[in-house]
Amino acid sequence: MSKPVVAIVVFPGSNDDRDAAWALGALGADPVLVWHAEAELPPGTGAVVLPGGFSYGDYLRSGAIASLAPAMGAVRRFAESGGPVLGICNGFQILCEARLLPGALRPNRQLEFVCLDATVRVEAADTLFTRRCQPGQELVIPVKHGDGAWFVDDGTLLRLAARGRIVLRYTEDVNGSLGNVAGVVNESGNVMGLMPHPEHAVDPLLGSADGGLLLAALVDAAAEHALASA
Amino acid sequence: MKATVLVRPKQGILDPQGEAVQASLRKLGFDVSNVRVGRVIDLELDDGEAGARARVERMCDQLLANPLIESFEIRLDNES
């Protein structure tokens, strides 16, 4: 069987696109970089990654300008047809601005850029993205961001948590994120965003391989989606 | 026609930037009880006033403000 194609959308200012491609390639995917001006995803795309970085210099609000890029129209159609989409850091911000995920990412509470190995707890292990994890499992995955404080109104947080859509929480407060939320999934379960960088945690030599659990699950999901759409 | 959009962090939403500015003002000896930091966007449009306000509102809804965390106010300037 051929390797599943994972499209990685590259915006001006993305800087983790090649790391994501390397990690996904190491986990058995065929990563393809897609320039943001493209109106279509490559044929046979099984999953999409929106990588980390500082698209458009974070002008206006992080992710706001990128959410309107031509490639995002294709990503929206792909998501609406059930395709798995993972937004990492700036990708999470873009998905929130595109209203494909609930909430907004605001400047860190401490007004400082955070760069550390964060510990996150798996709150929902029955999603496409966390099914290689155990419920309650703690993962060590690096974070590096200035706008990581996720916000929704209190009612929405309770509703999302009750429906198992809060996927990851930091085990301690790293940025003022509401409820220490580090990652959420959409209602259909095929679009996830998270602030930590799983692509930087796929090899024990670099401190942790825990991110590989999430990315390998994405590669599985890409293979399944490509097969189902073939 | 010129329009100015004032974008503010919504009431009740924590504004760490405003807090930092407030702390610095206090260091300078200014006793300020609250500071909120927003954004000003100046626009130049070809529309008449009626069309302009509706258009700028749509711009705010779709891009200039994030309704979840920000409120906006539109001021139209007919004189220029």
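These notebook entries record what I looked up in a predicted model with chains A and B.

**Entry 1. Chain A overall**

I began with the secondary structure of chain A, which comprises five helices and 11 strands. I then checked the radius of gyration: chain A has 16 Å, close to the 17 Å that the globule rule gives for 230 residues, so chain A is as compact as a globular protein of that length. I noted the extent of the C-alpha trace of chain A along its principal axes as about 45 × 40 × 35 Å. Of the 230 residues in chain A, 60% are buried. I also looked at how far apart in sequence the contacting residues lie. Taking the contacts in chain A between residues at least 6 apart in sequence, I found that 75% join residues at least 24 apart.

**Entry 2. Helix 5 of chain A**

I next examined helix 5 of chain A, residues 211-229. Does its burial mark this helix as enclosed or open, and why? I find 15 of its 19 residues buried, so helix 5 of chain A is largely enclosed by the rest of the structure. I also tested its length. At 1.5 Å a residue the 19 residues should span 27 Å, and the end C-alpha atoms are 27 Å apart, which agrees.

**Entry 3. Strand 6 of chain A and its partners**

I followed strand 6 (114-122) of chain A to its pairings. Strand 6 pairs with strand 7 of chain A in the antiparallel sense, over eight bridges. Within that pairing I located Cys115(A), whose bridge partner in strand 7 is Lys144(A). Strand 6 of chain A also pairs with strand 9 (residues 166-170) of chain A, again antiparallel, over three bridges. Here I recorded Arg121(A), with Arg169(A) as its bridge partner in strand 9.

**Entry 4. Gly136(A)**

I turned to the loop between strand 6 and strand 7 (138-145) of chain A, where Gly136(A) is placed. Is Gly136(A) buried or exposed? I count Gly136(A) as exposed, because it has 9 C-beta neighbours inside 10 Å, and the limit for an exposed residue is 12 or fewer. Leaving aside neighbours within four places in sequence, I find Gly136(A) in contact with Arg121(A) and Val122(A).

In chain B I traced an open sheet of three strands in the order 2-1-3, with antiparallel pairing. Strand 2 (39-44) and strand 3 (70-77) of chain B stand at the edges with a single partner strand each, so one side of each is left without a neighbour in the sheet. I noted an average twist of 20 degrees from one strand to the next. Strand 1 (residues 2-9) and strand 2 of chain B run antiparallel and are joined by six bridges. Opposite Val7(B) I found Arg39(B), in strand 2 of chain B. Helix 2 (residues 49-64) of chain B packs on this sheet and touches strand 1, strand 2 and strand 3. The direction of helix 2 makes about 155 degrees with that of strand 3 of chain B.

**Entry 5. Where the chains meet**

Finally I examined the interface, in which seven residues of chain B are in contact with eight residues of chain A. On the chain B side, helix 1 (residues 16-27) gives the most, with three residues.

Definitions and conventions
Residues are numbered from 1 along each chain as its sequence is written. Chains are lettered from A and ligands numbered from 1 in the order in which they are written. This is a predicted model: local features need pLDDT of at least 70, side-chain atom pairs count only at pLDDT 80 or more; totals for chains, interfaces and linings use all residues. Two residues are in contact if their C-beta atoms, placed from the backbone, lie within 7 Å. Helices (H or I, at least four residues) and strands (E, at least two) are DSSP runs, numbered from the N terminus. Two strands pair if DSSP finds at least two bridges between them. Axes are lines fitted to C-alpha atoms, for helices over the stretch in contact, and angles run from 0 to 180 degrees between N-to-C directions. A residue is buried if 20 or more other C-beta atoms lie within 10 Å of its own, exposed if 12 or fewer, and partly exposed in between; C-beta atoms are placed from the backbone. The expected span of a helix is 1.5 Å times one less than its number of residues. The radius of gyration is taken over C-alpha atoms; the globule rule is 2.2 Å times the number of residues to the power 0.38.
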